[in-house]
Amino acid sequence: LKWYAALWQDEALLAATANSLLIAVISTIGATLLGGLMALGMERMPLRRQQIIEGGLVLPLVIPEVMMGVALMLLFVMLKMPLGLTTVILGHIVFNIPLVTIMIRTRLRKLDPALREAAADLGADSWQVFRHVTLPLLRPAIWGAVLVAFTVSLDDFLVTFFTAGPGATTLPLKVYSMIKSGVTPEINALSALLLLISMACVALSLHLQRREV
């Protein structure tokens, strides 16, 4: 316990923790909104177009993360954007959108179309059908996607390493810099804490996705 107490007396570590939480929260909100809209929009597209977009969504998940980090860094440099918290947040949104979209689309495919058709037959317009039928049915998947996106963003190192600038040090980057001087009990304690938080978020996400509304 004394190691954990010592960790929270380190101002640099507290600043890195605050950066990690800020980046994770903002990027999760952005990715959830964009990924959710994309998932809903794809449902109205022809099957062939859906397959093409799904193929594109899989690419960020299968290509090496170091390549994505370098590509994002080069893009920001080309756009003359100074590297910092903003570029890290944008980078995290980019790799979280496919995760959110795929998870919400998986839930959408399991929904019974008869429920929405019945609501429409009873006089509900498109917005009312979405608000009172589709959204409640999607809520477990949305919350699951939020937790996964938050966990991935909180733990990410490679994309953050290439897109971060001065004042944008996150917890994984801080741990990496601490390891250079040797593995200490404080690093072990911090790593264990990050692992427990990640496992808890993933377990809760899986639980939410299995819930039936």
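Reader: Is Asn19 buried or exposed?
Author: In this predicted model, the relative accessible area of Asn19 is 13%. Buried means under 20% relative accessible area, exposed over 50%, and partly exposed in between (1.4 Å probe, protein chains only). Asn19 is therefore buried.

Reader: What should I know about the numbering and the limits of the model?
Author: Residues are numbered from 1 along each chain as its sequence is written, and side-chain values use heavy atoms, with hydrogens and water left out. As the model is predicted, local features need pLDDT of at least 70 and side-chain atom pairs count only at pLDDT 80 or more, while totals for chains, interfaces and linings use all residues.

Reader: How many helices and strands does the protein chain have?
Author: Helices (H or I, at least four residues) and strands (E, at least two) are DSSP runs, numbered from the N terminus. Read from the N terminus on, the elements of the protein chain are α-α-α-α-α-α-α-α-α-α. The count for the protein chain is 10 helices and 0 strands.

Reader: What box do the C-alpha atoms of the protein chain fill?
Author: The protein chain has 213 residues, of which 39% count as buried. Taken along the principal axes, the box filled by its C-alpha atoms is roughly 65 × 45 × 25 Å.

Reader: Of the contacts in the protein chain with a separation of 6 or more, what share comes from residues 24 or more positions apart?
Author: Contact means heavy atoms within 4.5 Å. The share is taken over contacts with a separation of 6 or more. Residues 24 or more positions apart account for 78%.

Reader: Which residues does Asn19 touch, not counting residues up to four places away in sequence?
Author: Asn19 is found in helix H2, a helix that spans residues 11-42. With residues up to four places away in sequence not counted, Asn19 touches Leu85, Gly167, Ala168 and Thr169.

Reader: Is Gly167 buried or exposed?
Author: Gly167 lies in the loop between helix H8 (158-163) and helix H9 (171-179). Beyond its neighbours within four places in sequence, Gly167 is in contact with Asn19 and Leu85. The relative accessibility of Gly167 is 61%, and for that reason Gly167 counts as exposed.

Reader: What separates the C-alpha atoms of Gly167 and Val70?
Author: Gly167 and Val70 are 97 residues apart along the chain.

Reader: What is the relative accessibility of Ser27?
Author: Ser27, like Asn19, belongs to helix H2. Leaving aside its neighbours within four places in sequence, Ser27 is in contact with Ile89, His92, Ile93, Asn96 and Ser153. Ser27 counts as buried because its relative accessibility is 0%.

Reader: Which residues in H7 does H2 meet?
Author: Helix H7 covers residues 126-155. On the H2 side, the residues are Ser20, Leu21, Ile23, Ala24, Val25, Ser27, Thr28, Thr32 and Leu40. In H7 they meet Phe130, Leu138, Ile142, Val146, Ala149, Phe150, Ser153 and Leu154.

Reader: What is the arrangement of H2 and H7?
Author: Axes are lines fitted to C-alpha atoms, for helices over the stretch in contact, and angles run from 0 to 180 degrees between N-to-C directions. Angles under 35 degrees count as roughly parallel, over 145 as roughly antiparallel, 65 to 115 as roughly perpendicular and the rest as oblique. The axes of H2 and H7 lie 9 Å apart, and the helices pack at an angle of about 140°. That makes the arrangement of H2 and H7 oblique.

Reader: At what angle do the axes of H2 and H5 cross?
Author: Helix H5 runs over residues 85-110. H2 and H5 are oblique to each other. Their axes come within 6 Å and cross at roughly 40°.

Reader: Where is phi of Lys80, a residue other than glycine?
Author: The place of Lys80 is in the loop between helix H4 (65-78) and helix H5. Lys80 is exposed, because its relative accessible area is 74%. Most residues other than glycine have a negative phi. Phi of Lys80 is positive, near 60°.

Reader: How far apart are Pro113 and Thr134 in space, C-alpha to C-alpha?
Author: Pro113 is in helix H6 (residues 113-121). The relative accessibility of Pro113 is 43%, so Pro113 counts as partly exposed. Pro113 and Thr134 are 21 residues apart in sequence, and their distance in space, C-alpha to C-alpha, is 9.7 Å.
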